[in-house]
Each structure stands twice: as structure tokens, then as C-alpha cells.
Amino acid sequence: MTSIRSCLSRVFAAAPRRTTLWSRQPARTATPAFRRLYASSINTNDTTTIQQATKHMQQGVDELSRGNLTQALSSFSHSLALNPTADAHYNNGVCHYSLGNVDAALEHWEKALSMDPSHSDAHVNAGNVYFMNKKDAGNAIRHLKKAIELSPGDAEVMFNLACIYEATDQLEWAIKMYDSAARLGLEKAKTHMRNAVAKQMKKSI
């Protein structure tokens with residue numbers, strides 16, 4: 001069974017757009033690194049509320065960039081209270097995950113997706129965390145497949161999905177995903193694909 005930590009490569013993002021959960025043991029070696037620092041969509045017609053929500057969102061981003069997770073969460077929570085948007089839920093989820101609150105993170109990412117089903121990074125984070133933290137391959141695969149549908153050129157998401165397929169002994173699908181990631185230029189996918197092919201051949205003997 002392939003080690004998920006040595007395989008999967010990213011987990012979240014942001015309004016951080018996504019972090020690393022696997023291959024770099026969360027870009028974090030224990031803390032996520034974000035591909036995009038924050039999401040900032042605003043969903044109200046009240047100018048004052050927009051300004052306040054935007055201010056809190058930016059404060060959250062600033063605190064997050066300094067590594068002040070508790071303060072960032074407080075700011076993002078204020079923004080969410082003023083103006084509940086998918087991005088506000090997403091940012092709250094990133095902070096909760098970074099603070100070790102996995103269930104709260106998933107709840108916020110699922111709420112973000114209920115508001116904006118096309119939020120691909122929320123799908124990526126949720127999918128990776130469902131597998132790594134919750135050992136729920138079904139939901140992990142569902143979210144990552146949707147992320148690929150939304151961002152078909154994202155080789156790292158394909159690689160993560162391939163790792164999950166391999167870890168759950170779905171070798172045919174793993175090989176297909178590794179191959180797709182490799183064709184998009186992700187070098188490490190080639191090695192993993194060869195290993196998966198070897199496993200498949202061994203099983204067929």
C-alpha cells in the first residue's frame with residue numbers, strides 16, 4: 001500500500017488557495033503552504049458592510065502571512081459574520097485546519113462548496129483531508145474528481161487522486177491518473193506510474 005504522506009502533494013489554498021499535505025509533509029512539514037493567499041469575493045450590496053468585510057479579510061491575510069493563525073481566524077470569522085461568502089468559509093477552513101481543527105475545516109469547506117460548487121481549491125482541500133485525516137476514500141475521490149473536472153490542467157490534483165487510487169488498490173485508475181499527470185509534465189508521476197504498473201502485473205501473475 002503506497003504511503004499517502006510520500007505520495008500526495010497538496011492540500012490547501014486560500015483565500016489561501018491550497019496547501020501541501022503530502023509530499024512535502026505539508027509544505028509545512030507541519031503547516032500548509034498556500035498557493036494563493038486569500039479569497040476575497042464580497043456578496044452584499046451594503047457599501048459599509050463590504051468595506052468592513054474587506055478590511056477584516058485583508059487583516060486575516062496579513063496575519064496569516066505572518067503565521068498568526070489565531071488572529072487570522074478571528075479576522076476571517078469577522079468577515080464571514082459580516083458577509084457570508086464561499087471565500088470567507090474557505091479562509092476560515094484553512095485557518096481551522098492549520099490549527100488542527102479538522103472537522104471545523106471540513107465543515108467550512110463543505111459550506112463554501114454549497115455556496116460555490118465551482119470552488120476547485122475547496123474540493124482539493126476537502127478531498128485531501130478526507131483521505132489523510134478521515135480515512136474516507138469515497139469522499140476524497142469524489143472531491144478530487146470534481147476538482148479535476150473544474151481544473152483539467154492541474155497535474156498535482158491528478159497525482160493526488162492517483163495516489164489515493166493506488167493506496168486503495170484501484171491500480172487501473174491509478175495508472176490512468178499518473179499517466180495524465182505525467183503528460184502534463186509532472187515528473188514524479190512517471191516513477192509512481194511505473195511502480196503501479198509493476199504492482200498490477202504482479203497481481204495478474
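**Close-up views of helix packing and aromatic rings**

**View 1. Helix α9 passes helix α10 in a left-handed crossing.** In such a crossing the near helix is turned anticlockwise from the far one by less than a right angle. This is a predicted model, in which local features need pLDDT of at least 70 and side-chain atom pairs count only at pLDDT 80 or more, while totals for chains, interfaces and linings use all residues. Residues are numbered from 1 along each chain as its sequence is written, and side-chain values use heavy atoms, with hydrogens and water left out. The axes of α9 (residues 155-167) and α10 (residues 171-183), which are lines fitted to C-alpha atoms over the stretch in contact, come within 8 Å and cross at roughly 160 degrees. That makes α9 roughly antiparallel to α10, a term for angles over 145 degrees. Helices here are DSSP runs (H or I, at least four residues), numbered from the N terminus.

**View 2. Helix α6 (residues 102-115) packs with helix α7 (residues 120-132) at an angle of about 145 degrees.** Their axes lie 9 Å apart, and the crossing of α6 and α7 is left-handed.

**View 3. Ring pairs link Tyr90, Tyr97 and Trp109 into a cluster.** Rings of Phe, Tyr and Trp (its six-membered ring) pair if their centres lie within 6.5 Å, and a search of the whole structure finds four aromatic pairs.

**View 4. The charged end of lysine 188 sits over the ring of phenylalanine 159, 4.6 Å from its centre.**

Terms used
Axes are lines fitted to C-alpha atoms, for helices over the stretch in contact, and angles run from 0 to 180 degrees between N-to-C directions. Helices (H or I, at least four residues) and strands (E, at least two) are DSSP runs, numbered from the N terminus. Angles under 35 degrees count as roughly parallel, over 145 as roughly antiparallel, 65 to 115 as roughly perpendicular and the rest as oblique. Rings of Phe, Tyr and Trp (its six-membered ring) pair if their centres lie within 6.5 Å; planes under 30 degrees apart count as stacked, over 60 as edge-to-face and the rest as tilted. A charge sits over a ring if NZ of Lys or CZ of Arg is within 6 Å of the ring centre and within 35 degrees of the ring normal.
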